[in-house]
Amino acid sequence: MSIFVRQKKTLTVLALLLFTIAGSAWYYISTTSVTEQVEASGTGQASAESYSTIISSYHQYYNRTLCFDADNHINWNDQQEHARQLVSRIETLQVKNENVERDLQNAKHLAQDVAASKDRTALLYLHRIFHDLDKAVNHYKQKDSFGYTYTGTGKRWFGGGVNKVEGYIAKN
(Lines give C-alpha, C1' and ligand atoms only; values in the text may rest on other atoms or scores of the structure.)
Protein backbone atom coordinates (compact mmCIF):
# COMPACT_ATOMS: atom_id res chain seq x y z
CA MET A 1 0.00 0.00 0.00
CA SER A 2 2.85 2.44 0.72
CA ILE A 3 4.14 1.96 -2.83
CA PHE A 4 0.82 3.26 -4.17
CA VAL A 5 0.91 6.26 -1.83
CA ARG A 6 4.46 7.13 -2.95
CA GLN A 7 3.50 6.76 -6.60
CA LYS A 8 0.45 8.94 -6.07
CA LYS A 9 2.55 11.64 -4.38
CA THR A 10 5.14 11.45 -7.15
CA LEU A 11 2.47 11.77 -9.83
CA THR A 12 0.91 14.71 -8.01
CA VAL A 13 4.25 16.52 -7.76
CA LEU A 14 4.98 15.83 -11.44
CA ALA A 15 1.54 17.08 -12.45
CA LEU A 16 2.00 20.30 -10.46
CA LEU A 17 5.45 20.82 -11.94
CA LEU A 18 4.16 20.25 -15.47
CA PHE A 19 1.27 22.66 -14.87
CA THR A 20 3.65 25.34 -13.56
CA ILE A 21 6.01 24.94 -16.52
CA ALA A 22 3.12 25.04 -19.01
CA GLY A 23 1.67 28.18 -17.39
CA SER A 24 5.02 29.94 -17.38
CA ALA A 25 5.63 29.01 -21.01
CA TRP A 26 2.18 30.29 -22.01
CA TYR A 27 2.77 33.60 -20.25
CA TYR A 28 6.20 34.05 -21.84
CA ILE A 29 4.99 33.15 -25.32
CA SER A 30 1.89 35.34 -25.16
CA THR A 31 3.82 38.34 -23.85
CA THR A 32 6.70 37.92 -26.28
CA SER A 33 4.48 37.38 -29.30
CA VAL A 34 2.42 40.48 -28.51
CA THR A 35 5.53 42.60 -28.12
CA GLU A 36 7.11 41.30 -31.32
CA GLN A 37 3.86 41.73 -33.20
CA VAL A 38 3.40 45.28 -31.92
CA GLU A 39 6.98 46.25 -32.67
CA ALA A 40 6.76 44.87 -36.19
CA SER A 41 3.30 46.15 -37.03
CA GLY A 42 3.89 49.84 -37.79
CA THR A 43 4.56 51.31 -41.22
CA GLY A 44 8.29 51.34 -40.60
CA GLN A 45 10.26 52.15 -37.49
CA ALA A 46 8.99 55.73 -37.19
CA SER A 47 5.36 54.64 -36.89
CA ALA A 48 6.13 52.00 -34.27
CA GLU A 49 8.08 54.54 -32.26
CA SER A 50 5.37 57.14 -32.52
CA TYR A 51 2.62 55.10 -30.93
CA SER A 52 4.93 53.54 -28.35
CA THR A 53 6.10 57.04 -27.46
CA ILE A 54 2.52 58.30 -27.22
CA ILE A 55 1.60 55.37 -24.98
CA SER A 56 4.57 55.98 -22.70
CA SER A 57 4.11 59.74 -22.46
CA TYR A 58 0.39 59.55 -21.70
CA HIS A 59 0.92 56.82 -19.13
CA GLN A 60 3.55 58.98 -17.39
CA TYR A 61 1.22 61.98 -17.55
CA TYR A 62 -1.65 60.04 -15.96
CA ASN A 63 0.65 58.61 -13.29
CA ARG A 64 1.82 62.12 -12.44
CA THR A 65 -1.64 63.72 -12.40
CA LEU A 66 -3.85 60.94 -11.00
CA CYS A 67 -1.81 58.71 -8.67
CA PHE A 68 -1.16 59.13 -4.97
CA ASP A 69 -4.38 61.03 -4.25
CA ALA A 70 -3.77 63.52 -7.07
CA ASP A 71 -7.14 62.40 -8.45
CA ASN A 72 -8.73 64.24 -5.51
CA HIS A 73 -7.47 67.53 -6.98
CA ILE A 74 -7.94 67.11 -10.72
CA ASN A 75 -6.98 70.08 -12.88
CA TRP A 76 -9.80 69.64 -15.38
CA ASN A 77 -8.56 72.32 -17.78
CA ASP A 78 -5.24 70.51 -18.09
CA GLN A 79 -6.88 67.07 -18.36
CA GLN A 80 -9.30 68.29 -21.03
CA GLU A 81 -6.49 69.86 -23.05
CA HIS A 82 -4.47 66.63 -22.87
CA ALA A 83 -7.58 64.65 -23.86
CA ARG A 84 -8.12 66.85 -26.95
CA GLN A 85 -4.45 66.44 -27.90
CA LEU A 86 -4.71 62.68 -27.40
CA VAL A 87 -7.71 62.45 -29.74
CA SER A 88 -5.79 64.36 -32.43
CA ARG A 89 -2.68 62.23 -32.01
CA ILE A 90 -4.60 58.95 -32.18
CA GLU A 91 -6.40 60.08 -35.34
CA THR A 92 -3.06 60.56 -37.13
CA LEU A 93 -1.62 57.15 -36.18
CA GLN A 94 -1.41 54.27 -38.58
CA VAL A 95 -1.44 51.13 -36.45
CA LYS A 96 -1.52 47.75 -38.17
CA ASN A 97 -1.78 45.70 -34.99
CA GLU A 98 -5.51 45.07 -34.58
CA ASN A 99 -5.42 44.82 -30.78
CA VAL A 100 -3.43 48.02 -30.31
CA GLU A 101 -5.75 49.77 -32.75
CA ARG A 102 -8.84 48.64 -30.81
CA ASP A 103 -7.27 49.77 -27.53
CA LEU A 104 -6.33 53.17 -28.95
CA GLN A 105 -9.83 53.62 -30.38
CA ASN A 106 -11.29 52.89 -26.93
CA ALA A 107 -8.86 55.44 -25.47
CA LYS A 108 -9.92 57.96 -28.11
CA HIS A 109 -13.60 57.58 -27.21
CA LEU A 110 -12.83 57.99 -23.52
CA ALA A 111 -10.66 61.03 -24.21
CA GLN A 112 -13.54 62.59 -26.14
CA ASP A 113 -15.75 62.07 -23.08
CA VAL A 114 -13.15 63.68 -20.81
CA ALA A 115 -12.75 66.65 -23.16
CA ALA A 116 -16.50 67.17 -23.43
CA SER A 117 -17.76 66.53 -19.91
CA LYS A 118 -15.00 66.23 -17.29
CA ASP A 119 -15.82 62.53 -16.99
CA ARG A 120 -13.95 61.11 -13.98
CA THR A 121 -14.69 57.46 -14.84
CA ALA A 122 -13.48 57.92 -18.41
CA LEU A 123 -10.30 59.49 -17.03
CA LEU A 124 -9.72 56.51 -14.73
CA TYR A 125 -10.29 54.07 -17.59
CA LEU A 126 -7.89 56.05 -19.82
CA HIS A 127 -5.17 55.73 -17.21
CA ARG A 128 -5.75 51.99 -16.94
CA ILE A 129 -5.65 51.52 -20.72
CA PHE A 130 -2.35 53.39 -21.00
CA HIS A 131 -0.93 51.46 -18.05
CA ASP A 132 -1.72 48.11 -19.70
CA LEU A 133 -0.55 49.29 -23.13
CA ASP A 134 2.72 50.59 -21.67
CA LYS A 135 3.34 47.17 -20.11
CA ALA A 136 2.64 45.31 -23.35
CA VAL A 137 4.25 47.66 -25.86
CA ASN A 138 7.09 49.29 -23.91
CA HIS A 139 7.79 46.62 -21.28
CA TYR A 140 6.83 48.98 -18.44
CA LYS A 141 7.92 47.21 -15.27
CA GLN A 142 4.95 46.91 -12.96
CA LYS A 143 3.39 43.80 -11.49
CA ASP A 144 -0.24 44.82 -11.72
CA SER A 145 -2.33 44.72 -14.86
CA PHE A 146 -5.87 46.01 -15.09
CA GLY A 147 -6.98 43.94 -18.07
CA TYR A 148 -8.46 47.02 -19.77
CA THR A 149 -6.82 46.30 -23.13
CA TYR A 150 -6.86 43.67 -25.84
CA THR A 151 -3.08 44.04 -26.10
CA GLY A 152 -0.93 42.01 -23.74
CA THR A 153 -2.03 39.24 -21.47
CA GLY A 154 -4.39 41.26 -19.29
CA LYS A 155 -7.42 39.66 -17.70
CA ARG A 156 -8.95 38.14 -20.79
CA TRP A 157 -11.26 35.71 -19.06
CA PHE A 158 -14.84 36.94 -19.36
CA GLY A 159 -13.56 40.13 -21.01
CA GLY A 160 -12.07 41.62 -17.84
CA GLY A 161 -11.90 45.37 -17.86
CA VAL A 162 -12.32 45.57 -21.63
CA ASN A 163 -16.02 44.80 -21.16
CA LYS A 164 -16.26 47.60 -18.59
CA VAL A 165 -14.58 50.06 -20.94
CA GLU A 166 -16.63 49.16 -24.00
CA GLY A 167 -19.85 49.02 -21.99
CA TYR A 168 -19.10 52.46 -20.59
CA ILE A 169 -18.33 53.85 -24.04
CA ALA A 170 -21.57 52.40 -25.42
CA LYS A 171 -23.60 54.10 -22.66
CA ASN A 172 -22.05 57.53 -23.21
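Helix 4 (residues 98-117) packs against helix 5 at an angle of about 155 degrees, and their axes lie 9 Å apart. The model is predicted. Angles over 145 degrees count as roughly antiparallel, and helix 4 and helix 5 are therefore roughly antiparallel to each other. Their crossing is left-handed.

Which residues make this contact? Helix 4 supplies Asp103, Leu104, Asn106, Ala107, Leu110, Ala111, Asp113 and Val114. Helix 5 supplies Ala122, Leu123, Tyr125, Leu126, Ile129, Phe130 and Leu133. By type, the residues of this contact divide into 12 nonpolar, 1 polar and 2 charged.

Helix 5 (residues 120-138) also packs with helix 3 (residues 76-92). Here the angle is about 55 degrees, with the axes 12 Å apart. That makes helix 3 oblique to helix 5. The crossing of this pair is left-handed.

On the helix 3 side, Trp76, Gln79 and Leu86 make the contact. On the helix 5 side, the residues are Arg120, Leu123, Leu126 and Phe130. The residues of this contact divide into 5 nonpolar, 1 polar and 1 charged.

| Helix pair | Angle | Axes apart |
|---|---|---|
| Helix 4 and helix 5 | about 155 degrees | 9 Å |
| Helix 3 and helix 5 | about 55 degrees | 12 Å |

Leu123, Leu126 and Phe130 of helix 5 take part in the contact with helix 4 and in the contact with helix 3.

Conventions:
Residues numbered from 1 in each chain as written. Predicted model: local features only at pLDDT ≥ 70, side-chain atom pairs only at ≥ 80, totals over all residues. Heavy atoms only, no water. Axes fitted to C-alpha atoms, helices over the stretch in contact; angles between N-to-C directions. Helix = DSSP H or I, 4+ residues; strand = E, 2+ residues; numbered from the N terminus. Parallel < 35°, antiparallel > 145°, perpendicular 65-115°, else oblique. Left-handed = near helix turned anticlockwise from the far one by under 90°. Contact = heavy atoms within 4.5 Å. Nonpolar A, V, L, I, M, F, W, Y, C, P; charged D, E, K, R; others polar.
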